[in-house]
Amino acid sequence: MKCKVCGQELPERAKFCYACGAPIEDVPAPKKLEEPLGSPLTGGAVPMVPVAPPPRATRVEPRAVRVRAARAVHPGAAQGGMERRFRETMLDTDSFPEQDLPGARAHWGRHAADVEEGPVADETAPADVAEQVAAKGAGEETEVMDAVPEPSDREGAQPDAPAVAEQAPERRPVASSPLEEARSGFSGAMRDAFGDLPEVERGVPRGALVAALAVAALVVVALIGFVSTSWLGPLASPGTSAPEVQPPSDGSIAPLGEDEEDEAPDDGGTTLPEDAPEPRAALADYSWAELSQIADLIAAAGTDADAEDIAVEYNLCAADGSLDGSDTKDLELADGTTVAVRIAGFRHDELADGSGVAGITFIAEAPLAEMAMCPNSDKGSGWRDTTLREWMNGELMDLLPEELSGAVVTVSKLTNPVAGTGTEQIVTEDSLWLPSYSELTGTARSGSEPEGEQYQLFADLGVDGGGPNEALALDDGTYWWERSPDPSNEAWFMCVGPDGAAATSHRPATPNGVVAGFCL
């Protein structure tokens with residue numbers, strides 16, 4: 001029987017062509033279930049019964065029948081019996097096309113002699129017993145079966161199998177790629193060596209996979225916990241520190257633990273030298289020698305902020321660094337006069353020798369004496385030529401306690417000239433001096449230049465040049481001198497009135513209070 005489409009020889013009972021997939025028998029066209037009634041319909045006629053649509057045919061691409069090579073299986077095994085029955089019932093070996101069957105092997109029961117005498121020369125001849133029966137006919141079936149040894153004789157026949165393989169012509173399957181060729185050769189060699197083995201299921205058992213995933217999860221959790229609680233993680237304790245790494249041994253870096261100086265713990269305060277005075281509760285508790293040492297520490301500070309920290313640590317100002325004038329220290333002169341002095345500022349005045357700044361500036365709270373600026377009104381060019389300046393840096397210095405007079409430093413003071421004598425400011429070097437108008441108020445009179453910056457004490461007390469200032473008023477209501485000449489009157493000097501107004505002026509021959517200032 002041939003295919004009507006491609007002409008391929010087919011078995012008798014084949015339904016489809018194994019080559020092109022065309023059906024062998026024609027499928028009859030579907031018939032209608034019932035013919036419609038005659039038309040036109042009468043009024044009492046039964047309506048036409050709907051006819052079912054014809055079945056929808058779908059072209060099926062059948063897979064071509066694969067002819068398997070004969071396998072060396074025991075004739076009585078289940079697999080061998082199934083293959084034999086398939087060939088006897090479904091295939092007609094006489095009409096089936098001859099094909100090159102790669103991988104064909106000799107049967108277990110064949111000996112070298114059987115191979116030489118049998119139809120081995122015909123490479124397409126089947127090696128299976130069932131195929132031999134189909135080829136020789138029913139009359140030769142008994143002879144072929146007799147040639148197959150019993151299972152008990154197979155042990156002696158197995159050693160001859162390699163000889164049969166050597167005599168048989170070498171056959172290689174047609175492979176579409178080198179990989180398939182290698183795979184086919186390996187499969188044939190394995191079958192020749194071990195025969196047909198049951199196929200082993202590939203993959204990992206589910207239980208083993210679950211166990212492996214559980215172990216991996218435990219390892220990940222343990223690693224995360226270790227990293228989180230170490231010095232690198234966010235859950236580390238506050239006292240945990242990073243491990244120290246030993247420097248290289250080439251000598252470029254000193255090993256750990258060698259040449260390391262003990263550093264003082266940073267407690268947020270200022271580190272004081274070992275020979276520095278002990279902090280005390282108030283200004284009055286310090287001696288002048290101790291205040292001189294503290295002034296040196298403040299002057300040597302790197303910044304004003306560091307100087308303020310030292311002053312706070314010694315309780316010379318408030319915790320925020322401000323001054324209110326309430327903390328004072330008594331100054332007793334050699335003639336028995338006692339006057340309270342207070343701190344006016346830190347690091348404010350320049351040293352006369354240009355080496356830096358004075359650490360602490362003091363200003364008396366009350367007059368040390370009452371004197372005229374110039375008794376004969378011969379004021380010269382201003383503060384530099386006054387008799388009061390000469391007395392303060394001479395006789396008054398001699399009245400200071402020896403402990404204080406040796407600690408007082410000479411500073412530079414800036415003063416405007418007397419009106420009408422020039423515009424260039426005059427610099428004097430003074431140990432004791434009078435404050436200027438701008439040092440008290442922070443401003444300058446109209447027509448004049450500032451004579452130094454305002455001291456912190458008066459700035460914190462809110463002193464300005466606009467009118468009376470309670471912080472500048474003396475308790476006895478007396479006037480006291482400023483070293484600034486009156487810019488509007490060449491014959492007068494500035495002074496502070498009883499109400500604390502710093503813009504008052506008097507003739508230089510008028511006796512007024514002498515409120516002295518000095519620096520340590």
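## Helices, strands and the model

Helices (H or I, at least four residues) and strands (E, at least two) are DSSP runs, numbered from the N terminus. Asn315 is found in the loop between helix 10 and strand 1.

This is a predicted model, where local features need pLDDT of at least 70, side-chain atom pairs count only at pLDDT 80 or more, and totals for chains, interfaces and linings use all residues. Residues are numbered from 1 along each chain as its sequence is written, and side-chain values use heavy atoms, with hydrogens and water left out.

Asn315 has a phi near 60°, a positive value in a residue other than glycine. Most residues other than glycine have a negative phi. Is Asn315 buried or exposed, or partly exposed? Asn315 counts as partly exposed because its relative accessibility is 33%. The cut-offs are these: buried means under 20% relative accessible area, exposed means over 50%, and partly exposed is in between (1.4 Å probe, protein chains only).

Asp327 lies in the loop between helix 10 and strand 1. Asp327 is partly exposed, with a relative accessible area of 27%. In sequence, Asp327 and Arg342 are 15 residues apart. In space, their C-alpha atoms are 6.5 Å apart.

Arg347 belongs to another stretch: the loop between strand 2 (338-346) and strand 3. Phi of Arg347 is near 55°, a positive value in a residue other than glycine.

## Aromatic pairs

A pair of aromatic rings is described by the distance of the centres and the angle of the planes. Rings of Phe, Tyr and Trp (its six-membered ring) pair if their centres lie within 6.5 Å. Planes under 30 degrees apart count as stacked, over 60 as edge-to-face and the rest as tilted. By this rule the count comes to 5 aromatic pairs. One of them joins Tyr286 and Tyr314, edge-to-face, at 6.1 Å centre to centre with 65° between the planes. This pair links distant parts of the chain, 28 residues apart. Tyr286 is in the loop between helix 8 and helix 9 (288-299), and Tyr314 is in the loop between helix 10 (304-313) and strand 1 (328-332). Tyr286 counts as buried, at 2% relative accessibility. Tyr314 is buried too, at a relative accessible area of 0%.

Why is the pair of Phe362 and Phe518 stacked? The ring centres of Phe362 and Phe518 are 5.4 Å apart and the planes are at 20°, so the pair is stacked. This pair also links distant parts of the chain: Phe362 in strand 3 (residues 360-364) and Phe518 in strand 11 (residues 517-519), 156 residues apart. Both Phe362 and Phe518 are buried. Ring pairs link Trp288, Phe362 and Phe518 into a cluster.

## Charges over rings

A charge sits over a ring if NZ of Lys or CZ of Arg is within 6 Å of the ring centre and within 35 degrees of the ring normal. Lys329 lies over the face of Trp288, at 5.2 Å from the ring centre. Lys413 has its charged end over the ring of Trp433, 3.8 Å from the centre.

## Helix 8

Phe226 lies in helix 8 (residues 206-229). Phe226 counts as exposed because its relative accessibility is 59%.
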